[in-house]
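Here are my notes on the model you sent. Please read them with the structure open.

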Amino acid sequence: FYASDLKAEQDKVEKGSLPGPSEQEAETRRGIHKLKGKVLGFEADHYVIKGSDGKQVNLHIDETTKMTKTFAPGERIEAKVIQYNDGHYALSIDPAP
C-alpha cells in the first residue's frame, strides 16, 4: 500500500462506503426477525396473527412496542419480533407493504 491508497481506504471507512453487515443481518444476530401476517384479533396484551406460513402466533405488545396505529382484524402487518420464553414479543408493528 502506498500512503495515498491507505488514505483512500480510511476515507471510505469514514464515509461508510465499505461493505458491512446490513441492518437486517445485525438484527438477526441479536435475535430479531420479521414476522408478516394478517391480524385475526386482539386480546388484552397481544395480537393474534396468522403468519405468512399459515401458523397462528400470539404477538405480545406493551407500552414499549412501536406502532403507527392500532390494527384491526383482517389487516396485514409486518412486525419486528424477538422470541422469548415460549412467545413472540413485538418491538414494532407496521402495516405490511
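1. A nonpolar core here is a set of buried Ala, Val, Leu, Ile, Met, Phe, Trp, Tyr and Cys residues joined through side-chain atoms within 4.5 Å. Buried means under 20% relative accessible area. Bear in mind that this is a predicted model.

2. **The core.** The largest nonpolar core holds 13 residues. Tyr-47, Leu-59, Ile-77 and Ile-93 touch the most other members. Strands β1, β2, β3 (56-60), β5 and β6 each supply at least two residues of this core. Strand β5 gives the most, with three residues. As background, nonpolar side chains tend to be buried together in soluble globular proteins.

3. **Overall layout.** The protein has two helices and six strands. Along the sequence they follow the pattern α-α-β-β-β-β-β-β. Of the 97 residues, 27% count as buried. Among contacts with a separation of 6 or more, 47% are between residues 24 or more positions apart. The protein exposes about 6900 Å², and carbon and sulfur atoms supply 51% of that area.

4. **Strand pairing.** Strands β1 and β5 pair in the antiparallel sense over seven bridges. In that pairing, Lys-36 stands opposite Glu-78 in β5. Strands β1 and β2 also run antiparallel, joined by six bridges. There, Val-39 stands opposite Ile-49 in β2.

5. What backbone feature does Ala-44 show, although it is not a glycine? Ala-44 has a positive phi of about 45°. The residue sits in the loop between β1 (32-43) and β2 (46-51). The hairpin of these strands has two residues between them. Ala-44 counts as exposed because its relative accessibility is 73%, and the cut-off for exposed is over 50%.

6. **Ala-79 and Ser-92.** Ala-79 is in strand β5 (residues 76-84). Its relative accessibility is 1%, so Ala-79 counts as buried. Beyond its neighbours within four places in sequence, Ala-79 is in contact with His-33, Lys-34, Leu-35, Leu-59, Ser-92 and Ile-93. Ser-92 belongs to strand β6 (residues 87-95). Ser-92 is buried too, with a relative accessible area of 14%. Apart from residues up to four places away, Ser-92 touches Thr-65, Lys-66, Glu-78, Ala-79 and Lys-80. Lys-66 is 13 residues from Ala-79 in sequence, and their C-alpha atoms are 9.6 Å apart.

7. **Aromatic pairs.** The count comes to two aromatic pairs. The ring centres of Tyr-47 and Phe-71 are 6.3 Å apart and the planes meet at 70°, so this pair is edge-to-face. The pair links distant parts of the chain: Tyr-47 is in strand β2, and Phe-71 is in the loop between β4 (66-67) and β5, 24 residues apart. Tyr-47 is buried at 3% relative accessibility. Phe-71 is buried at 5%. Ring pairs link Phe-42, Tyr-47 and Phe-71 into a cluster.

8. **Salt bridges around Glu-78.** The count comes to three salt bridges. One joins the side chains of Glu-78 and Lys-34, at 3.7 Å from N to O. This pair links distant parts of the chain, with Glu-78 in strand β5 and Lys-34 in strand β1, 44 residues apart. Glu-78 also forms a salt bridge with Lys-36, the closest N and O atoms being 3.5 Å apart. Glu-78 lies in β5 and Lys-36 in β1, so the pair ties together parts that are 42 residues apart in sequence. Which of these side chains are buried, and which are partly exposed? Glu-78 counts as buried at 18%. Lys-34 is partly exposed at 44%, and Lys-36 is partly exposed at 43%.

9. The side chains of Lys-69 and Glu-75 meet in a salt bridge at 2.5 Å, N to O. Lys-69 is partly exposed at 36%, and Glu-75 is partly exposed at 24%. Salt bridges that share partners join Lys-34, Lys-36 and Glu-78 into one network.

Methods: Residues numbered from 1 in each chain as written. Predicted model: local features only at pLDDT ≥ 70, side-chain atom pairs only at ≥ 80, totals over all residues. Heavy atoms only, no water. Helix = DSSP H or I, 4+ residues; strand = E, 2+ residues; numbered from the N terminus. Buried < 20%, exposed > 50% of the residue type's maximum accessible area, 1.4 Å probe, protein only. Contact = heavy atoms within 4.5 Å. Areas by Shrake-Rupley, 256 points an atom, 1.4 Å probe, with all protein chains shown as cover. Pairing = 2+ DSSP bridges. Phe/Tyr/Trp six-rings, centres within 6.5 Å; stacked < 30°, edge-to-face > 60°. Salt bridge = Lys/Arg side-chain N within 4 Å of Asp/Glu carboxyl O.
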